[in-house]
Amino acid sequence: MSDIQMLIDMGFPKEKAERALEVTNNKGVEQAMEWLLAHADEPLPPASTAAAASAAGDSSSSTAAGGATTEPSTEEGAAAAEEPVAKSLKCDECGKLFKSQEEVEFHAAKTEHSSFSESTEEKKPLTEEEKKAQLALLEEKMRRKRQEREENEKKEAMERERLRIKSGKDMLEARRKMEEQEMKKLMDQRKREKLESQQARDRVRAQIEADRAARKAKESGEPAAVSPTSTAPVSSPPPAAANPTSTTTTTTPTKPAEAKSYTTAKIAIRMMNGTQLVQTFQAGEQLAAVRLFVQLKMESVDAAFGLMTNFPKKVFTAEEYEMPLDKLGLVPNAVLIVTKAP
């Protein structure tokens, strides 16, 4: 708020406020206010000068007219002398007196009073005690305004701090939910792996039982029961040669080694602080899943890092993070090293 606006809010006319700031060289509201209180009963110099000039012009015009004008009669002069002269303007609603039209307009805008009339009462100049009291009142108003401004600033600062804390809590809650979802995903994955491992052990156990039953049946001379997991039937050997003394050696054809198909990848991850994590992933999962797992285990979620292998040394690129683990040669086992981002 400008100095002139503060003076107007305190009840001073705009012209006097401007004059006070001009006389005090715009050194502040307090000096301007002291000048206004000290010269409260003095009219503004421009207004008085204009009035004097106007009066001089009227007198000269009347003198120049000379004989053209007629002197008022004695009765008219006496009536004019007896007619009361308005010395101030009065508010009919609150009874306050004002010296100028500007003060009336300011009072009407401030109090919304609309009834004013001329008064023969003269607005008395302020005494020293009244000036001091008004100055104290104005200082109290300024002090309250400063106090209100400081309280508003404190409230705004507290509101900003509350919003900052709320934003931090929201971020922590979002991070916690994301970690819970990732942990749930990892737990479901481990359950599936345990179930698949259990099923594989059951199949191996059933095969062992079937082989054991077949051996017992063979030793006792009973026909062996065909197990559901038995392999293809063995072809009968070719007939022996006519010479009974000759012996023939038959060779059983060997089955070609079947390529194993792995469904999981056990990844050992060496962190930058020297710790090592071991986690099992699906062979078809992307390398980005390993990166997300490492990111959740790091102190800062936003930290930039990369992944590489040591033997052979290979730093994975952004395109390779979208490739599955089996295509990158990380199945069934692999060791990855966490490196700083280039």
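Axes here are lines fitted to C-alpha atoms, for helices over the stretch in contact, and the angle between two axes runs from 0 to 180 degrees between N-to-C directions. I note at the start that this is a predicted model.

**Entry 1: the chain.** I began with the overall content and found 8 helices and 8 strands in the chain. Of its 342 residues, 21% count as buried. I then looked at contacts between residues at least 6 apart in sequence, and 58% of them join residues at least 24 apart.

**Entry 2: α7 and α8.** Two packed helices are described by the angle between their axes and the distance between the axes. I looked up both values for α7 (residues 128-220) and α8 (residues 287-297): the angle is about 130° and the axes are 11 Å apart. That angle makes α7 oblique to α8. The crossing of α7 past α8 is left-handed. Which residues make the contact? On α7 I listed Met178, Glu179, Glu182 and Leu186, and on α8 Leu292, Phe293 and Leu296. By class, the residues of this contact are 5 nonpolar and 2 charged, with no polar ones.

**Entry 3: the buried residues of α8.** I listed Leu287, Val290, Phe293, Val294 and Leu296 as the buried residues of α8. I next asked what they pack against. Their partners are helix α7 and the strands β4 (264-270), β5 (276-282), β6 (305-309) and β8 (333-340).

**Entry 4: α2.** In helix α2 (residues 14-23) I found Lys16, Ala17, Ala20 and Leu21 buried. Seen down the axis of α2, these residues fall within an arc of 135°, so they line one face of the helix. An α-helix has 3.6 residues a turn, so residues three or four places apart point the same way. The buried residues of α2 pack against α1 (3-9), α3 (29-38) and α6 (101-111).

**Entry 5: positive phi.** After α2 comes Asn25, in the loop between α2 and α3. Its phi is positive, about 60°, although Asn25 is not a glycine. Is Asn25 buried or exposed? I read a relative accessible area of 56% for Asn25, which means it is exposed, the cut-off being over 50%.

Glu112 is another residue other than glycine with a positive phi, here near 65°. I located Glu112 in the loop between α6 and β3 (116-119). At 70% relative accessibility, Glu112 counts as exposed.

**Entry 6: a cis peptide bond.** I checked the peptide bond from Val331 to Pro332 and found it cis, with omega near 0°. Pro332 sits in the loop between β7 (314-315) and β8.

Definitions and conventions: Residues numbered from 1 in each chain as written. Predicted model: local features only at pLDDT ≥ 70, side-chain atom pairs only at ≥ 80, totals over all residues. Heavy atoms only, no water. Helix = DSSP H or I, 4+ residues; strand = E, 2+ residues; numbered from the N terminus. Parallel < 35°, antiparallel > 145°, perpendicular 65-115°, else oblique. Left-handed = near helix turned anticlockwise from the far one by under 90°. Contact = heavy atoms within 4.5 Å. Nonpolar A, V, L, I, M, F, W, Y, C, P; charged D, E, K, R; others polar. Buried < 20%, exposed > 50% of the residue type's maximum accessible area, 1.4 Å probe, protein only. Arc of directions from axis to C-beta.
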